[in-house]
Amino acid sequence: MNSPSVLAQPALVLNESWSAIHTVTVRHALRLMFTGAAKAVVPHSYEVHGFDSWTALAVEPDEPHIKTVRLKIKVPEVILLTHYAGQPNPAAVFSRRNLFRRDHNQCQYCGVRPGTAELSIDHIFPRSRGGKSSWENCVLACTDCNRTKRDRTPEEAGMRLLKRPDKPKWSPILEIPLGRVKHSWSRFVSDAYWDVRLEP
Ligand SMILES: [Zn+2]
């Protein structure tokens, strides 16, 4: 029996030039290896294995693995794409840091830049009334504007946004929710790359 938790864990994906570009589930990583689209990387030796040679590798006694009828397969934690030199996923992750970056640390109602400690995330259509946490419904607001707006829409509060909020156009760096980072990835990505994903 396969352990579903192992298959659902993240594997780090490297492009042809060995830059980390995103993560996929171990299940997906195995599929990419099986079709020849990716090879598995042994993190401490940088050895690269195709599907067949990877499944032939011995599994250490206490090592997490995937069990099939006939085989015990090592869990691929890092894979290398064989024909892809693309850059990080252009869809910007909706995170606190990216939202501050998009709004340039500026209150989107009055335009002040009071410093990050004095800014908070405002839900344009209030969260208490079902407003979503999304690029289109969230902006930075200063303490004063937050207090003025409360649980109201900008129209109800008689406030105006500087501009219509949208998904950022820039391509953000690789971001992976904290707690999902594997030790074996540390050789491929620097700590500065990690970010915290906001809850939906
Ligand atoms: Zn303000």
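Modeller: Start with the rule for pairing: two strands pair if DSSP finds at least two bridges between them. This is a predicted model, and that rule is applied to its coordinates.

Biologist: What makes β1 and β2 a pair, and what do they form together?

Modeller: Five bridges join β1 to β2 (residues 20-25). At least two are needed, so the strands count as paired. They run antiparallel. In β2, H22 is the bridge partner of V13. The two strands form a hairpin, with five residues between them. In that turn, W18 has a positive phi of about 65°.

Biologist: How do you know which way β1 and β7 run, parallel or antiparallel?

Modeller: Strands of a sheet pair through backbone hydrogen bonds, either parallel or antiparallel. Here three bridges join β1 (residues 10-14) to β7 (residues 78-81), and the two run parallel. The partners in β7 are V78 for L12 and I79 for V13.

Biologist: And what joins β3 to β7?

Modeller: Three bridges link β3 (residues 38-42) to β7, this time antiparallel. K39 stands opposite L80 in β7.

Biologist: How do you know that the buried residues of α2 line one face?

Modeller: The buried residues in α2 are V26, A29, L30, L32 and M33. Seen down the helix axis, they fall within an arc of 160°, so they line one face. After α2 comes G36, with a positive phi near 90°.

Biologist: Why is F34 called partly exposed?

Modeller: F34 is found in α2. Its C-beta has 14 neighbours inside 10 Å. Buried needs 20 or more, and exposed means 12 or fewer. A count of 14 falls in between, so F34 is partly exposed. F34 and G50 are 16 residues apart in sequence, yet their C-alpha atoms are 7.9 Å apart in space.

Biologist: What makes β1 a covered strand?

Modeller: Four of its five residues are buried, so β1 is mostly covered. Take A11. Beyond four places in sequence, A11 is in contact with T23, V24, V26, A29, P76, E77, V78 and I79.

Biologist: Which residues touch the most other members of the largest nonpolar core?

Modeller: That core has 20 residues, and A11, L14, A29, M33, V78 and I79 touch the most other members. β1, α2 (26-34), β3 and β7 each give two or more residues to the core. The most come from α2, with five. Another core, of 11 residues, lies apart from this one; C107, I124, A141 and C145 are among its members.

Biologist: What does the whole chain look like in numbers?

Modeller: The protein has six helices and nine strands. Of its 200 residues, 23% are buried. Among contacts with a separation of 6 or more, 59% are between residues 24 or more positions apart.

Biologist: How far does the predictor's confidence go, and where does pLDDT stay under 50?

Modeller: The mean pLDDT is 84, and 82% of the residues reach 70 or more. Over residues 191-200, pLDDT stays under 50. The model has 21 contacts beyond four places in sequence for that stretch. Where pLDDT is low, the predicted coordinates should not be read in detail.

Terms used
Residues numbered from 1 in each chain as written. Predicted model: local features only at pLDDT ≥ 70, side-chain atom pairs only at ≥ 80, totals over all residues. pLDDT = per-residue confidence, 0-100. Contact = placed C-beta atoms within 7 Å. Core = buried A, V, L, I, M, F, W, Y, C linked by C-beta atoms within 7 Å. Arc of directions from axis to C-beta.
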